[in-house]
Amino acid sequence: MNEEQTSIPIGKLMRAENSQFVAGCRVRELETPALGALVKVTLEDQSQIYGLITNILINDDSLVRQLVSGVSIPTEYTADNRYNRNLPVEIHVLTVGYAQNGQISHRLPPRPPLSLDVLHLCNSNELCHFTSLNEQAYLRHILRLLDQPVEELLAAHLRQAKAAHEDASDPTWYPLACQKLITLLRDDYQRLTTVLDVLTELERE
Amino acid sequence: MPLNYASVDKNASQYAQQAQDWLLECKKIAGQLNTLYDEAVSDPERLRQMIELVQESKSNLYLAKPLQEDPLRSYPAPTLPDNYTLLSADGSQIVPNRHRALQFGLINVGILTVSFGSGQPPEMKLVSELLDHKDIIDEDNNLASEDDIALLRDMRERTLIRDQITPQLTRPILTVTDGPLDIFYRSDIQDKKRAQTAQRQVYQLDQQLQQEGILSAGYIDKPGSSMLHSMLEIYKEVGVEPKQEADKRRISDRLLLGTRIKPGERSAVFEIISKQRNNPLNRLRVAFFYLNVSTVEDHPWLARVEIPYWISQQQELVGLIHAVLFADAQVLDSHPYPYSLHRAHELAVVKQAEYEEIENLLLAKFPEGSEITGYRSNKDFLKGLK
């Protein structure tokens, strides 16, 4: 069984640019994607674009706004709005690398994925493989995010990656990732302090 | 410029004053009618006899006739059952337009089946039906009118909702459509026989539903009919009062009953006496009640709920329909209207972009240069310019 078969489809591309993209999925499909998870899109030429989920957005519309003000909503109607109505959940993804001809790079891809390309959740093997390459260079993409809770995203991602590497008997990955972050943030003391705070919390778990 | 606002504004104040004066006048007449209503319905048996007398002599009638319940009372809703099924259907249509390159008609019906007590999301069904060419152009080459297509849509709503009923559905089962329960004659229907046939079909459908014990109702939001006023006219006409010229201004039942029905409660059930020359003999007998879907004392909001006559003869079934529709309307509480009907409408509504897509899909089926497709009228083309 190849990796494509074991990774889980979680949505389809709505819009994209080189550095980020947005996929849509139905609420029923929302059980698998999580903040900080590594995802990928396979393009027509079989190259792959990797990203981290940075935000999951639940959309509304005028009917939902009307229902919110209601006194009580039957369970069946809550389910109707969640599962039947055409309101896609938006999954925002930060591009962190790509693979071409079997070679993974932590740079941005030459072109973005196309609309309706399928977004897959990477399995543990892929997560371990992608995150251990290039001295974890992909982490720099997370640190360039603006107007987002970068520390929370880091915590969510590192927690998942740390668990995957530990399960694969690689306890060295997490200290190396922390070292990488310290190096990347060495000139931004304030941010480094916040990130270290999050990492400390993560280690206490 | 879309409008000459200055010109509209010039007459706006005058218009507002006219509208307020009209409403005050209507309320004044409603006040007088209220006194007459109290008097007329205090002896419902006598009023029924008066109406039956007129039924025999007049060929055109559209009025209310009190049944066994006391018309002076407001009736509270009984407790809802824990489990029941609500099926709601609503349709929209594309009416053939001679200005377009191709004339075609389409009916789109949305049906929502809600199994209350199951916790499961409702089942949705959408039926999009391209009408046959013979349905849009008659033998005399007349293009079907808005009313002709609406008649077909109403029929499809009723047959499709019937088709959704399976033995697996939890009972009791209530089917609801938007608008009057009977398919009445629309003024512009070209084929009167078709309308009569439709009325007969509605009757037969109801007969089946009755045999299976399935309830049905038509929900009319903000109704404008004045069946009670017409009933009071008969009382005046046949009654002991000295003959007076009937007031031509019609007062809606909504205005007349507005303060009589408490929030969440309903009026007594009346029968609709609808008589026209071309009515088929086998026609659905319909009753109705007004339902105050508001929960606020000083802001009543009456909807008319039409039910088959056979249901009106069983008070617990009337109560069940009352309770189900009131609960469903409360889901959208600041604008109470049955949620399931709103969703059926949301499923069915055809937008302009979809109209154009279907038109393009059809045009693509014709050979290139086919004469039947023709061109859009110049008027329609220019209207489309942005």
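First, the ground rules. The model is predicted, so local features need pLDDT of at least 70 and side-chain atom pairs count only at pLDDT 80 or more, while totals for chains, interfaces and linings use all residues. Residues are numbered from 1 along each chain as its sequence is written, chains are lettered from A and ligands numbered from 1 in the order in which they are written, and side-chain values use heavy atoms, with hydrogens and water left out.

Let me start with the interface. Contact here means heavy atoms within 4.5 Å. Chain B puts 23 residues into it and chain A puts in 18 residues. The size of an interface is often given as the accessible area lost when the parts come together. Buried area is that loss, taken with a 1.4 Å probe and summed over both parts. Here the two chains bury about 1500 Å² between them, and 56% of it is on carbon and sulfur atoms. On the chain B side, the residues that lose the most area to chain A are B:Pro121, B:Val331 and B:Tyr339, together 33% of what that side buries.

How many salt bridges does the rule find across the interface of chain B and chain A? It finds two. The rule asks for a side-chain nitrogen of Lys or Arg within 4 Å of a carboxyl oxygen of Asp or Glu. One of them pairs A:Asp80 with B:Arg343, with the closest N and O atoms 2.6 Å apart.

Next, the polar contacts. A polar contact is a pair of N or O atoms within 3.5 Å; within protein, one must be able to donate a hydrogen and the other to accept it, and residues adjacent in sequence count only if both atoms are side-chain atoms. Between chain B and chain A, ten residue pairs are in polar contact, both residues being at pLDDT 80 or more. In chain B, β3 (106–116) and α10 (339–348) each supply at least two residues of the side that touches chain A. Helices (H or I, at least four residues) and strands (E, at least two) are DSSP runs, numbered from the N terminus. The element giving the most to that side is α10(B), with five residues.

Now a charged residue inside chain B. B:Glu271 sits in strand β7 (residues 270–275) of chain B. Is B:Glu271 buried or exposed? B:Glu271 counts as buried because its relative accessibility is 5%; buried means under 20%, exposed over 50%, and partly exposed in between, with a 1.4 Å probe and protein chains only. Its side chain makes a polar contact with the side chain of B:Arg285, at 2.8 Å.

Some backbone details. The peptide bond joining B:Arg171 and B:Pro172 is cis, with omega about 0°, and B:Pro172 is in the loop between α4 (146–163) and β5 (173–178) of chain B. In chain A, A:Leu116 has a positive phi of about 75° although it is not a glycine. A:Leu116 lies in the loop between β6 (103–105) and β7 (118–121), and counts as exposed at 61% relative accessibility.

Last, the cores. A nonpolar core is a set of buried Ala, Val, Leu, Ile, Met, Phe, Trp, Tyr and Cys residues joined through side-chain atoms within 4.5 Å. The largest has 43 residues, and B:Tyr37 and B:Leu232 are among those with the most contacts inside it. Helix α1 (residues 5–41) of chain B gives the most to this core, with eight residues. Another core, of 39 residues, lies apart from it and includes B:Val176 and B:Tyr337.
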